[in-house]
Amino acid sequence: MTDSFPHCSGHRPRLLLVYPATEKLGWVRRFQLPSLALQQVAAATPPEWEVLLADELHEEVPFDGAFDLVGITAMTHQAHRAYAVADRFRARGVPVVLGGMHPTVLPDEALGHADAVVVGEAEPVWSTLLADLLAGCLVPLYRAPVPTGDTLVIPWTRRDLFAGNSYLTTQTLQASRGCPYDCPFCVTTNYFGNQFRYRPPEEILAELRTFDRKLTVFLDDNLLGDPARAVPILEGMAGMGLRWGGQTGLRFAEDPNLVRLVARSGCIGLFVGIESVSGANAGLAKSRSSSSHKELIRRVQEAGIIVEASFVFGFDDHDESVFEETLRYVEECSPSIPTFHILTPYPGTSLFEQYEREGRLLHKDWDRYNHNEVVFRPKRMSPERLYRGWVEARQQAYSWSSLLGRVARNPNPRFTNFAYNLLRKGPNDSLAKEFTKEDP
């Protein structure tokens, strides 16, 4: 702890919020999005506090600065870096609070590097934590209750904190949280509620009116998960001149009227999780529908919306045939942009518990829990085969013949679709070259 606190020393209390980076991204950092978690924490901070931000993607952490509290957010792959930053501040006597998904699911581990840990959503407990700090009675755990009900109450984001840094856009927000599907590789349901919670439409629209006409990104897990709740938001957005993207399940496209409304509201691109095209995990609950994926993807594309489809390799019912089967699916359905990931059993998920119980975790090096490395022993192939299949699938999907064929089969806007594919081709080619140089 610091030797004195703002309420007795007379100065305005200073809070530093840190987003830890695990690698130097170079020019690619300009295509990243600012941390929504830190925007929300800043927005929930009382106005008497001075709030500063250090995003390591763009700037150095001011370790020698004078701060009354340092708050650090961490996903699992950021945990070790977050702990290193925390340890340096605590060595100077500066109190540190850790939050985010990894400290939420492993609070005891995080407490080895922090004075306090926030478990779950920060907004309900943040003002209490700050008041306790100033009163000199900070406690180790601030546990937010698992949300209930269907209404989300959060403050508007603090976009001003990111001024001066180059991001894809700083116009990000959330309209909803929570999810009823409880997928085995996801922690959303356990900590953010088992139903969709939406902010009131008029509040979302009021915040959107403060945006300019540049790109806006909704950072919801499934923005269109409850169409009845999403429609008033979309109707209000129509005519505002926004261009926006977000993430959702594909089943919304079963309703042609909803697809047209999504396009009319200004949507230019959607990320959809297909996850698996074969076995028991094909069409997980969030994307399962009565129509074929090919039909739904085409319907969204014909409305002028880019469809980025995500596929995951490594489920227990996947054998070596999954790579070729997925590539055939991509060729047939022609999503605008296909992305491929390695299944990652994150702490706090039922998948992690299963693999730990079965002795199938290869290690707990959190830096490598990143969707790009194999951290468990697959059931029907070796870890090396899973990694090689993932690399080869990416390489083949972004070969010139596959890329150009996919763009040609897509309806409008083809130039934009080509540009997005070209941006993805570079990293895929680099990965393939590195793979041929050395064993994974």
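I'm working on a predicted model, so side-chain atom pairs count only at pLDDT 80 or more. With that, I get 19 salt bridges in the structure.

**Entry 1: Arg14 and Glu50.** Arg14 sits in strand S1 (residues 14–19) and Glu50 in strand S2 (residues 50–55), so the contact ties together parts that are 36 residues apart in sequence. I checked accessibility too: Arg14 is partly exposed at 22%, and Glu50 is partly exposed at 27%.

**Entry 2: Arg81 and Glu56.** Here I read 2.6 Å, N to O, for the salt bridge between the two side chains. I traced Arg81 to helix H3 (residues 79–91) and Glu56 to the loop between S2 and strand S3 (69–73), a link between distant parts of the chain, 25 residues apart. Buried or exposed, what is Glu56? Its relative accessibility is 11%, and the cut-off for buried is under 20%, so Glu56 counts as buried. Arg81 comes out partly exposed, at 28%.

**Entry 3: Glu121 and Arg197.** I got 2.5 Å, N to O, for this salt bridge. Glu121 is in the loop between strand S5 (116–119) and helix H6 (123–135), while Arg197 is in strand S9 (residues 197–198), so the pair ties together parts that are 76 residues apart in sequence. I looked up burial, and both Glu121 and Arg197 are buried.

**Entry 4: positive phi.** Next, the backbone. Most residues other than glycine have a negative phi, so I noted the exceptions I came across. Glu275 has a positive phi, near 70°, and is not a glycine. I placed Glu275 in strand S12 (residues 267–275), and it is buried, with a relative accessible area of 6%.

His371 also went on my list, with a positive phi of about 70° although it is not a glycine. Where is His371? I found His371 in the loop between helix H13 (350–357) and helix H14 (383–397). Its relative accessible area is 28%, so I logged His371 as partly exposed.

Terms used. Residues numbered from 1 in each chain as written. Heavy atoms only, no water. Salt bridge = Lys/Arg side-chain N within 4 Å of Asp/Glu carboxyl O. Helix = DSSP H or I, 4+ residues; strand = E, 2+ residues; numbered from the N terminus. Buried < 20%, exposed > 50% of the residue type's maximum accessible area, 1.4 Å probe, protein only.
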